[in-house]
Amino acid sequence: MRLHSHRSGRAARKRRQKQDSAAQSVSLCHQPQYVRLMKFLHRRGFTSTLLQPALFNDTGRGLQALKTIKPGQLVISLPESCLLTTSTVLDSYLGQYIKCWKPRLSPLLALCVFLVCERHQGEASDWFPYINVLPATYTCPAYFTDGVMAVLPTSVRRRALEQREAVREIHSVNQDFFRSLQPLLNQPVEEVLTYEALRWAWCSVNTRSVFMSHPSNNFLFGQDVYALAPFLDLLNHRPDVQVKASFNDVTRCYEIRSVSGTLRYQQAFINYGSHDSQRLMLEYGFVAPCNPNSVVYVDTDLLCDVLRGDRSLDQKIKFLRESNFLHNLTVSSEGPSWRLMTALRLLSLPQTLYHHWKAVLLGQTVSEETEAWSIQTAQTLCQRLLQDTHTALDKISHLLQQCDQSVREQLDVVKSLRQEERCILGSCLEALGSMSGQPDEMLSCQPDDDAVS
């Protein structure tokens, strides 16, 4: 979870206040598992007078402000003793097994194995009060069934399948290490460190950890930047919220400071970063409403299918790939991105104008005829994407009528993503329609920072 900030204007603040006033909540602080969590954290030096766990009708579980939080005010200061890091793992009963294992484990795997072993201990675990409030399941692609994978947008389906396969591989290639832990377990290791258990732990770390850099050591291999933060990880993401978050080396606490403030009894939010909805779904398992960073991606396969009549298409695609120009081709509610339109302008040129291809990527003006063709092709791409979105939403509606609760939750996330895409594509087609008679508007656009390598 990487925390960043966004500046919001007056209109955005009014929309946020309207959304906040419509949200209803029920306090969770008196429920036994949260009483136990707060006692656990209190023993480790943490108290919270500003926030309490609550259930909100729009986001589910989150943290509610008990007092108005002013801009610049410290919201949470979680002591290092409350953080679950690789230091926690290496200092535990697992430490001697991890330190002597070759090849060295990754920090992520060490945390995952610790979570699984601690959950296996139940109430005997020191970390039980925290593990007891972690979700029992997640809506990340690692959990997605084949049916849910099939209704994802093409541009994200490949990465979703890669995530699911990556977790399977982590489980399969570490069987020898898992078996070495048998002396610690009162059941066969195959019944404890199962694929399902590792998947749960992997998603717990991947979706709930905060970024915290740790010094390298001789026992683990790879970048160590994870810290599980009990209570703090109940804060939900909203893209228009501004916060400052980091580990304070002086106080030895992980601190979150509000930039925009929060009204009393409203939900306090943080910002995971300027992520579009596809990335939020991949990394955290949800789609944020009203996300200004959301776009729809244009896949290379779709480009090739729409332009398959061009005899020089392979050469143009090769040129774009070598120029690092086939990634991040997108459309938003405002219209197609500069990168997409620039790629389309190049794709409109004949092979005889090869000597102009690089200049076009650098922003050279093209003829009105070429610009009109590029806009028309962008419209075709949006129409094809919109058709695919409508088809997927129909399939999702059908699947929702015959699935269990866990699959329903997965489908609801994908449905939200698809509905957002439908809105974006509809708005983009309207924008393209207004541009088709005014191609000069597109020529004034500026390239992205990473436009040409």
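## First stop: helix α8

Start by picking out the buried residues of α8: S155, V156, A160, Q163, R164, V167 and H171. Here "buried" means under 20% relative accessible area, with exposed over 50% and partly exposed in between (1.4 Å probe, protein chains only). Look down the axis of α8: these buried residues fall within an arc of 155°, so they line one face of the helix. That arc is the one spanned by the directions from the helix axis to the C-beta atoms.

Before moving on, some housekeeping: this is a predicted model, where local features need pLDDT of at least 70 and side-chain atom pairs count only at pLDDT 80 or more, while totals for chains, interfaces and linings use all residues. Residues are numbered from 1 along each chain as its sequence is written, and side-chain values use heavy atoms, with hydrogens and water left out. Helices (H or I, at least four residues) and strands (E, at least two) are DSSP runs, numbered from the N terminus.

Now select the whole of α8, residues 154-173: its 20 residues reach 29 Å from the first C-alpha to the last, close to the 28 Å expected at 1.5 Å a residue. The expected span is 1.5 Å times one less than the number of residues. Then show what the buried residues of α8 pack against: α7 (146-150), α9 (175-180), α11 (195-208), α12 (277-284) and β11 (296-297). Contact means heavy atoms within 4.5 Å.

Follow β11 into an open sheet of three strands, ordered β11-β12-β13 with antiparallel pairing. Two strands pair if DSSP finds at least two bridges between them. The edges are β11 and β13 (335-336), each pairing on one side only. Zoom in on β12 (residues 330-332), which is joined to β13 by two antiparallel bridges; S332 has G335 as its bridge partner in β13.

Next, bring up helix α18 (residues 405-435), which packs on this sheet and touches β11, β12 and β13. Its direction makes about 85° with that of β12. Axes are lines fitted to C-alpha atoms, for helices over the stretch in contact, and angles run from 0 to 180 degrees between N-to-C directions.

While you're on α18, click E409, which sits in that helix. Is E409 buried or partly exposed? With a relative accessible area of 32%, E409 is partly exposed. Setting aside neighbours within four places in sequence, E409 is in contact with T137 and T139.

Jump to β2 (51-56), where five of the six residues are buried. On one hand, three bridges join β2 to β1 (residues 25-27) in an antiparallel arrangement, with A54 in β2 as the bridge partner of S27. On the other, β2 pairs with β3 over six antiparallel bridges. Look for F56 opposite G60 in β3; a hairpin of three residues joins the two strands.

Keep going from β3 (residues 60-65), which two antiparallel bridges connect to β10. You'll find Q64 opposite Q267 there. Strand β10 (residues 267-270) is covered on both faces: Q267 and F269 on one side, A268 and I270 on the other, are all buried. Strand β7 (residues 236-237) also joins β10 through two bridges, and this pair runs parallel.

Select F46, in the loop between α2 (32-43) and β2. What is its relative accessibility? It is 3%, so F46 counts as buried. Apart from neighbours within four places in sequence, its contacts are M38, L41, I76, S77, L78, P79, C82 and F231.

Now for the largest nonpolar core, which has 81 residues; L51, I76, I98, V113, L232 and L235 touch the most other members. Helix α5 (residues 107-121) gives the largest share, 10 residues. A nonpolar core is a set of buried Ala, Val, Leu, Ile, Met, Phe, Trp, Tyr and Cys residues joined through side-chain atoms within 4.5 Å. A second, separate core has 38 residues, including L347, C382, L432 and M435.

## Last stop: β4, β9 and β8

Finish at an open three-strand sheet in the order β4-β9-β8, paired antiparallel. Its edge strands are β4 (74-79) and β8 (243-248). Neighbouring strands here are turned by 10° against each other on average, direction ignored. Six antiparallel bridges link β8 to β9 (residues 253-258), and N248 stands opposite C253 in β9.
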